[in-house]
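Morning, everyone. I have one chain to show you, and I will start from a single residue. Here it is on the screen.

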Amino acid sequence: MILLDGKKASNDIKNEIKAEVDKMIAKGEKVPHLAAVIVGDDGASLTYVGSKVRACERVGFESTMVRLPHTTSEVELLHKIEALNENDDIDGFIIQLPLPPQINTQRVLMAVDPSKDVDGFHPENFGKMALDMSTFIPATPFGILELLERYDVDTKGKHTVVIGRSHIVGRPMSILMSRKGWPGNSTVTLTHSNTKNITQITSQADIIISALGVPNFLKAEMVKDDAVIIDVGITRVEDESHPKGYVITGDVDFENVSKKASFITPVPGGVGPMTIAMLLKNTLLAREQRRG
Ligand SMILES: Nc1nc(=O)c2c([nH]1)NC[C@@H]1CN(c3ccc(C(=O)N[C@@H](CCC(=O)O)C(=O)O)cc3)C=[N+]21
């Protein structure tokens, strides 16, 4: 079994990005500037956005965190987005999800200038991705592709089973794994909450990408020998014995599944850190495209 070490790969990527930023600085160019908008004070969301800001500092990017109260109206958020779209100093920005219930997420994501949409959530960018056009690929799926590539995982002609059809992971992942080229070229089955007999499907998978959010959902009995296992789950499970009061738990019963797997991502330290590294990569791309 080979561990797909997202912590290590993300550090390598950050060093590569840092080297690019150093070149920009040496030439007297403006460095990439990422903004993150967070509405409300959900603990997990604040942690993730905090990690993104720290990652920016680490590679030499400028960053701005925009904090809005949980009572923010959709119109107020749309005005903030308009300001970020027009602010020439900002190269890319993200609206941290989930948003409070009074705000329509799809309308908000459609308001982001596609050229600054480093999350790749705008329908124009999602459409481009589905059509193999160059665009911002959503950070989590992008990070998974990057991990498969860095560990030289063979995906061609393999059966990939994706669990979960979310707009930010499962759905784009199913499209990307079926695309021509590598990583990709696999035969994809997209499973979800209405899938019947999921064990019958996962047992036939060469590659399983689980983005469900149910701790320890994927058991050893559901996996065939030598499968490649990608765990996107990051649920906080209460645990009094831990200083933080919780442990981050993946979708995969790692202890038992890892005994059968050829490659497997740990949680934490797998897909999560890759997500942050690829957001930085998209922001660097946004800067380069805006410079022309
Ligand atoms: N607009 C938007 N873009 C996102 O990319 C986005 C989002 N909204 N909403 C929530 C999800 C989740 N997400 C994670 C990022 C990093 C870790 C991460 O670094 N995880 C660490 C552990 C972090 C911890 O201690 O909680 C790890 O897995 O090792 C996890 C999850 C980005 N998301």
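Is Val228 buried or exposed? Val228 is buried, because 24 other C-beta atoms lie within 10 Å. The cut-offs: 20 or more other C-beta atoms within 10 Å of a residue's own is buried, 12 or fewer is exposed, in between is partly exposed, and C-beta atoms are placed from the backbone.

A word on the source. This is a predicted model, where local features need pLDDT of at least 70, side-chain atom pairs count only at pLDDT 80 or more, and totals for chains, interfaces and linings use all residues. Residues are numbered from 1 along each chain as its sequence is written.

Back to Val228. It sits in strand β8, residues 228-231. Strands are DSSP runs of E, at least two residues; helices are runs of H or I, at least four; both are numbered from the N terminus.

What does Val228 touch? Leaving out residues up to four places away in sequence, the contacts are Val153, Asp206, Ile207, Ala261, Ser262 and Phe263. Contact means C-beta atoms, placed from the backbone, within 7 Å. Take Asp206: 22 residues from Val228 along the chain, with 6.2 Å between the C-alpha atoms.

Now the whole chain. It has 10 helices and 11 strands. Of its 292 residues, 42% are buried. Among contacts with a separation of 6 or more, 68% join residues 24 or more positions apart. The C-alpha atoms fill a box of roughly 50 × 40 × 40 Å along the principal axes.

Last, domains. Domain 1 covers 27-113 and domain 2 covers 139-273, with bounds from an automatic or database domain assignment. Their centres, over C-alpha atoms, are 27 Å apart.

Notes
Two residues are in contact if their C-beta atoms, placed from the backbone, lie within 7 Å.
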